[in-house]
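Work through the exercises below with the sequence and the 3D structure open. Each task is followed by a solution in steps.

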Amino acid sequence: MLPATAPTLRLTRRGRLVASATAVVLLLLVGGWVAGRSSPDGPAPPQGTAGDPAAISPTVQPRIPRIAAADAAPEDAPAGGAGSDPAGGAESGAGSDPAAAAGAASNTTVPVAESEVAQAGTGRLVAVPGTRSETDQAGRLVSYRVLIEEGLTVAGGPVDGALLAETVHGILTAPQGWQGLDGVRFRGVDGPQADVDVVIAAPNTVDRLCAPLGTGGQLSCFNGSAAVLNARRWFAGAATYGQDLVAYRTYLVSHEVGHYLGHQHQDCPGQGLPAPVMVQQTKSLDGCLANPWPNPAG
Ligand SMILES: [Zn+2]
């Protein structure tokens with residue numbers, strides 16, 4: 001009687017090749033699956049599903065215990081928001097003040113050099129004060145808060161928090177965004193009751209907030225209940241979008257908040273087609289065309 005392993009041992013050369021190839025394919029499949037599941041810019045989405053009002057707040061269990069909330073109680077927010085750092089010279093009208101001129105760099109809509117974006121801030125997140133109204137349409141209300149890392153600088157100047165929050169709001173409430181698709185409407189708030197946080201932070205802090213996902217100082221993520229956007233990408237853009245920083249930011253917000261709404265990663269459906277917004281477009285378009293919107297025809 002031959003041992004059970006005999007057939008393997010007696011494989012022909014062709015058989016061995018087939019077996020090897022099969023093993024390689026299996027490894028690739030498993031590897032791809034693992035990579036997809038643990039991808040830095042998109043871990044497994046929260047349990048909340050669009051259209052289920054009860055699902056959002058209670059069941060979205062942050063894997064980071066509301067780091068953002070803990071670090072950014074509203075009472076911590078200075079009156080002028082993150083852009084009002086007195087050391088940063090955010091006040092307008094000081095045209096000859098080098099600090100003020102540098103502060104204007106954060107208002108750019110063309111990419112800056114990566115080296116212009118601070119590698120680290122203080123690690124403390126500050127809510128942009130004020131509210132931003134939802135649009136006049138049907139849909140489940142989803143509140144979000146914009147948090148900016150204190151001490152985050154671009155070209156040595158502070159970040160204009162109000163402008164940044166307006167940009168995020170414009171993206172979230174645009175007709176081409178998630179609202180129409182998912183039956184939601186977004187309201188900007190500045191308190192810890194927000195359903196989801198949109199964080200803009202320096203690379204070092206992003207790595208901390210995204211852990212255990214590996215963002216490597218370069219990528220963004222969705223983790224817990226926070227869309228954590230890497231300031232390096234927000235201000236320097238990504239190769240896949242070239243100089244079109246406005247479109248790239250639209251992608252970044254739409255993609256990461258898409259995870260909050262329960263959307264998972266997608267693949268490019270075919271060469272030359274618009275990339276679905278849940279394709280990891282920072283990494284590669286994989287033959288697709290850049291597309292920043294969930295609902296381009298909206
Ligand atoms: Zn993702």
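**Exercise 1: a helix pair**

In this predicted model, helix 6 (residues 161-173) packs against helix 10 (residues 245-260) at an angle of about 65°, and their axes are 10 Å apart.

*Solution.* 
1. Angles from 65 to 115 degrees count as roughly perpendicular, so helix 6 is roughly perpendicular to helix 10.
2. The crossing of helix 6 past helix 10 is right-handed.
3. Helix 6 contributes Thr167, Val168, Ile171 and Leu172 to the contact, and helix 10 contributes Arg249, Thr250, Val253, Ser254 and Val257.

**Exercise 2: helix 8**

Determine which residues of helix 8 are buried, and state what follows for the helix as a whole.

*Solution.* 
1. A residue is buried if 20 or more other C-beta atoms lie within 10 Å of its own.
2. In helix 8, Pro203, Thr205, Val206, Asp207, Leu209 and Cys210 are buried.

**Exercise 3: the whole protein**

Describe the protein by its secondary structure, its buried share and the sequence range of its contacts.

*Solution.* 
1. The protein has 10 helices and 8 strands.
2. Of its 298 residues, 43% count as buried.
3. Take the contacts between residues at least 6 apart in sequence: 71% of them join residues at least 24 apart.

Terms used:
Residues numbered from 1 in each chain as written. Predicted model: local features only at pLDDT ≥ 70, side-chain atom pairs only at ≥ 80, totals over all residues. Buried ≥ 20, exposed ≤ 12 C-beta atoms within 10 Å, placed from the backbone. Helix = DSSP H or I, 4+ residues; strand = E, 2+ residues; numbered from the N terminus. Contact = placed C-beta atoms within 7 Å. Axes fitted to C-alpha atoms, helices over the stretch in contact; angles between N-to-C directions. Parallel < 35°, antiparallel > 145°, perpendicular 65-115°, else oblique. Left-handed = near helix turned anticlockwise from the far one by under 90°.
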